[in-house]
Amino acid sequence: MNKVRADAAEAVADIPDGASLAVGGFGLSGVPEALVRALYERGTNGLKVVSNNCGVDGRGLGILLSAGRIARVTGSYVGENKEFARQYLGGELEVELTPQGTLAERLRAGGAGIPAFYTPAGVGTQVANGGLPWRYAPDGTVAVASPPKETRDFAGRPYVLEHGITTDFALVRAWRGDHHGNLVFRRAAANFNPLAAMAGRVTVAEVEELVEPGALRPDEVHVPGIYVQRVVALTAGQAADKPIEKRTVRP
């Protein structure tokens, strides 16, 4: 029942080249920075990442991206990362763009054992009809395009079939966690973290505060320990490292 690992390096040591990863975070909020850095330092390559976005230049998943360690991204947002755009448009990176709500539900469905579901999001667009560029050729032509998806009418309204997502591993960051893997997220830092935690076959959580079993009230737990296999307690410095993507102040 004690799922605590000594550090981030130990927690990601068995993630192989080519593994699929669900990674929590939104922008730079709630990103499992320590686990991502440990994966970078280990040299893991050819990763297939499922995450809302791929970090920014020099932070989050952007560290792995700039090192050429990511082969494919399933996400909903491309902005704020010039290297992401360069690799995608240059044919170095395969990218499956999906509506943000659909991505969230695909992760949740995968974690809940639901293989597929119908949604109205994307009906009548390339999301449903196919043709979205997944990979470009070096000359700028489309080398791989998204296939058309099944559509069906319910009560006179068209819906598109989307498949649930499960991954080999998941990396998430929580505010508090216990030795059994129960996790609590704080405010906006929850974002995609609970969904990513559900979707991973092996979920690794870095926590800002590690508490003893029983310290968390059952009604405050966002992700029960059944979904989490490994827990890493962050140092005080790691827990305090919370960069702001765009800082806006009054003139």
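A residue counts as exposed when its relative accessible area is over 50%; alanine 155, at 89% relative accessibility, is therefore exposed. The structure is a predicted model. This briefing covers its largest pocket, with about 360 Å³ of space, then helix α4 (residues 82-89), and then a number of individual residues.

**Largest pocket**

- The largest pocket holds about 360 Å³ of space.
- It is lined by 18 residues, of which Leu28, Ser29, Gly30, Ala189 and Lys242 are the closest to the centre.
- Strand β11 (residues 167-178) makes the greatest contribution to this lining, supplying three residues.
- Sorted by class, the lining comprises nine charged, seven nonpolar and two polar residues.

- Within helix α4 (residues 82-89), the buried residues are Glu83, Phe84, Gln87 and Tyr88.
- These residues lie on the same side of α4, because the arc they cover around the axis is only 130°.
- An α-helix has 3.6 residues a turn, so residues three or four places apart point the same way.
- The exposed residues Lys82 and Leu89 are carried on the face of α4 that is turned away from the buried side.
- The cover over the buried residues of α4 includes α3 (61-66), β4 (70-75), β5 (94-97) and β7 (133-136).
- Glycine 91 follows α4 and has a positive phi, near 80°.

**Aspartate 178, in strand β11**

- Aspartate 178 belongs to strand β11, the strand that gives the most to the lining of the largest pocket.
- With a relative accessible area of 2%, aspartate 178 is buried, since the cut-off for burial is under 20%.
- A polar atom of the aspartate 178 side chain lies 3.0 Å from the backbone nitrogen of histidine 180.
- Beyond its neighbours within four places in sequence, aspartate 178 contacts Leu210, Val211, Glu212, Pro213, Leu216 and Val231.
- Aspartate 178 and glycine 214 are 36 residues apart along the chain, and their C-alpha atoms are separated by 8.1 Å.

**Asparagine 193, in helix α7**

- Asparagine 193 is located in helix α7 (residues 193-199) and is buried, its relative accessible area being 0%.
- A polar atom of its side chain lies 2.9 Å from the backbone oxygen of glycine 30; Gly30 is also among the residues closest to the centre of the largest pocket.
- The asparagine 193 side chain also reaches the backbone nitrogen of arginine 173, at 3.1 Å.
- When residues up to four places away in sequence are not counted, asparagine 193 touches Gly24, Gly25, Gly30, Leu171, Val172, Arg173 and Phe185.

- Asparagine 53 sits in the loop between β3 (47-50) and α3, where it is buried with a relative accessible area of 7%.
- The side chains of asparagine 53 and asparagine 52 form a polar contact at 3.2 Å.
- Leaving aside neighbours within four places in sequence, the residues in contact with asparagine 53 are Gly25, Phe26, Gly27, Leu61 and Tyr77.
- Glycine 79 occupies the loop between β4 and α4 and is partly exposed, with a relative accessible area of 28%.
- From C-alpha to C-alpha, glycine 79 and valine 56 are 8.4 Å apart in space, while 23 residues apart in sequence.

**Positive phi at residues other than glycine**

- Alanine 155 is not a glycine, yet its phi is positive, at about 55°.
- This alanine 155 lies in the loop between β9 (151-154) and β10 (157-163).
- Arginine 187, likewise not a glycine, has a positive phi of about 50°.
- Arginine 187 is placed in the loop between β12 (183-184) and α7.
- Its relative accessibility of 69% makes arginine 187 an exposed residue.

Technical notes: Residues numbered from 1 in each chain as written. Predicted model: local features only at pLDDT ≥ 70, side-chain atom pairs only at ≥ 80, totals over all residues. Heavy atoms only, no water. 1 Å grid on protein atoms, 1.4 Å probe; cavity = no way out; pocket = protein on both sides within 12 Å on 5 of 7 lines; lining within 4 Å. Points joined across faces, edges and corners; volume = space filled by probe spheres on them. Helix = DSSP H or I, 4+ residues; strand = E, 2+ residues; numbered from the N terminus. Nonpolar A, V, L, I, M, F, W, Y, C, P; charged D, E, K, R; others polar. Buried < 20%, exposed > 50% of the residue type's maximum accessible area, 1.4 Å probe, protein only. Arc of directions from axis to C-beta. Contact = heavy atoms within 4.5 Å. Polar contact = N/O pair within 3.5 Å; in protein donor to acceptor, adjacent residues only side chain to side chain.
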